[in-house]
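Please open the structure in your viewer and keep the selection tool at hand. The stops below say what to select next and what is to be found there.

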Amino acid sequence: MASLGFWSHGAAQRPDNTADNSTTANAWCQMAQKFTGGIGSKLCAFLYGDGQRPAGTVVKEETASMESNLACNCNKTPCACQNVQINFSLLHAIDLLPADSGEGVTFAFLEQLMDILLQYILKSFDRSTKVIDFHYPNDLLEGFNWELDEQPNTLEDILMSCRTTLKYAVKTGHPRYFNQLSTGLDMVGLAADWLTSTANTNMFTYEIAPVFVLLEYITLKKMRAMIGWPGGCGDGIFSPGGAISNMYAMLIARYKLFPEVKEKGMAAIPKLIAFTSEHSHFSIKKSAAALGIGMDGVVLIKCDVRGRIIPSDLERRILEVRQKGFVPFYVSATAGTTVYGAFDPLVAIADICKKYNIWMHVDAAWGGGLLMSRKHRWKLNGVERACSVTWNPHKMMGVPLQCSALLVREEGLLQSCNQMNACYLFQTDKQYDLSYDTGDKALQCGRHVDIFKLWLMWRAKGTMGFEAQIDKCLDLAEYLYNKIKDREGFEMVFDGKPQHTNVCFWYVPPSVRYIQDKEERRNLLMKVAPQIKTRMMAFGTTMVSYQPQGDKVNFFRMVISNPAATQEDIDFLIEEIERLGHDL
Ligand SMILES: *Cc1c(COP(=O)(O)O)cnc(C)c1O
């Protein structure tokens, strides 16, 4: 077929990119016919100047298909052109749009990619496939050519790179993936992510992200209403993650107390002290380090055996700090600690913060999702008294990474604390209400659109759908707890029903089970979870995280946020741990 000649032109040898238009059109039209009649023929019609035609109904498209087959200069029915195979090994990125007549190649290329993605999605939910195809870094490095070259690689190679990348990716949507707080693969969330990338814009102004800015406004308001702030009033921002949201909170708390810090820096203000629990997320300390408060400026408050702050210890430490002449300015309570899933007693903490005029932040990065659940939201009672709240929809709510919100009760603080009034972005004489230019609230300049995934999923599920999904995960955690609490070989790290979906436990292999000497037992037990984990990764059957905490040696921290998980998957996990660990 003469038109195929076009495809054989390497882009590099075609610097002016001027192929004969009718030939290329013909070629890509033939190829387009391979695809679902409707779309392919629409493209054909478009190419042949037929595109002005109003987008037809399905029936119309079927007719169009016939017409454009004729337009392909092929008078056979069915059109033999459908058999034309695109040879991606002869094509390059430069053949894709915006290349002249690049529509066809682009279309075919993206179809191929979609095929790869759909295969991956199917496998992600297939329990007979591995969660991970694990290889040591050197093997992966040496197994493939990952180098960046001077010359362009072919599209065939690009598609292969996509396949390879996914082959060794961890299937975080797999029903047996329990390794992290962010798990699952939501189909609507995924669709929204594709749309977001396609729209490829920046959150800094209404000017360039009109719909996304409005959706952020609406969603933040809804989230604040769920926290319990009257009418959903207040402020907020989506940030690159809970750690950054927490840092925003500390930043504006400091600014609220000492606005001069923005101009003059830390030398102009007294020594500040923040308080959080021993079980809090490391990002609180990291924020203090980054903001010049220093890690020494964070006092860790004692927790009870379940990992909840002891309020009397908090008050004692605040008084101590005041006595030293320092300024207690910030308490970060945790709603759903990362390891134990503990909920700090927020009401008691709110009382203390009020008494000493301290900013109360609630880090609900992990636990915030429970606000969606009528059954579990009481665990966050008192959150409505916080000055700021971190809530990560990319954890318990299963929104694709990344999606984290900082919600602030007082409006305007984020703006006045962070604004720099860059006049190339935030012109003051624009035609619209400038409060929709949210960009200057952020520490970043450009900001990724994280809102659409959350908004679209919320539309698709309704609040009730999120509630059902979250309740199910909590039910599964309780199911796991009930199964292992009295099971031979399993020991709970703390007693009692889990507050969140975190279930922390040791697996004690028979060889360790009857050892009397405490020290010897500890030393052996310490090595068990890492060894089981190593085997788990090698088999690729499931993934669960482990860690030590305080004086507790390595234990498994099971967390469930994956809506695809079922009781059978929990059963599988327990049996798999026994299978992999009984001989240790
Ligand atoms: C996960 C987590 C964070 C950090 O969130 P990222 O989105 O990973 O930055 C902060 N706090 C708590 C309690 C968390 O569980």
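Start in the loop between H8 and H9, where Asn200 lies; helices (H or I, at least four residues) and strands (E, at least two) are DSSP runs, numbered from the N terminus. Asn200 has a positive phi of about 40 degrees although it is not a glycine, and at 63% relative accessibility it counts as exposed, where exposed means over 50% relative accessible area, buried under 20% and partly exposed in between (1.4 Å probe, protein chains only). Before going further, note that this is a predicted model, in which local features need pLDDT of at least 70 and side-chain atom pairs count only at pLDDT 80 or more, while totals for chains, interfaces and linings use all residues. Residues are numbered from 1 along each chain as its sequence is written, and side-chain values use heavy atoms, with hydrogens and water left out.

Asn421 is not a glycine either, yet has a positive phi of about 55 degrees, and with 48% relative accessibility it counts as partly exposed.

Now show the whole chain, which has 19 helices and 12 strands, and in which 52% of the 584 residues count as buried.

Next, select helix H5 (residues 103–124) together with helix H8 (residues 187–199), which pack at an angle of about 155 degrees with their axes 13 Å apart; axes are lines fitted to C-alpha atoms, for helices over the stretch in contact, and angles run from 0 to 180 degrees between N-to-C directions. H5 and H8 are therefore roughly antiparallel to each other, given that angles under 35 degrees count as roughly parallel, over 145 as roughly antiparallel, 65 to 115 as roughly perpendicular and the rest as oblique. Show the side chains of Met114, Leu117 and Ile121 in H5, which meet Met187, Leu190 and Trp194 in H8; contact here means heavy atoms within 4.5 Å.

Move on to helix H9 (residues 210–227) and helix H16 (residues 451–484), whose axes are 9 Å apart and which pack at an angle of about 55 degrees. That angle makes H9 oblique to H16. On the H9 side, the residues making the contact include Phe212, Leu215 and Met223, and on the H16 side they include Phe452, Trp455 and Trp458.

Then select Lys395, in the loop between strand S7 (388–391) and strand S8 (404–408). UniProt, in an unreviewed entry, places the feature "modified residue: N6-(pyridoxal phosphate)lysine" at Lys395; UniProt positions are given in the numbering used here, feature names are shortened, and annotations may be inferred rather than shown by experiment. Is Lys395 buried or exposed? Lys395 is buried, because its relative accessible area is 13%. Leaving aside its neighbours within four places in sequence, Lys395 is in contact with Leu181, Ser182, Ala365, Trp366 and Ser561. In the loop between S7 and S8 you will also find Gln402, which a cis peptide bond joins to Leu401, with omega about -5 degrees.

Finish at Tyr356, in the loop between helix H14 (346–355) and strand S6 (359–364), which counts as buried at 12% relative accessibility. Leaving aside its neighbours within four places in sequence, Tyr356 is in contact with Glu315, Ile318, Leu319 and Arg322.
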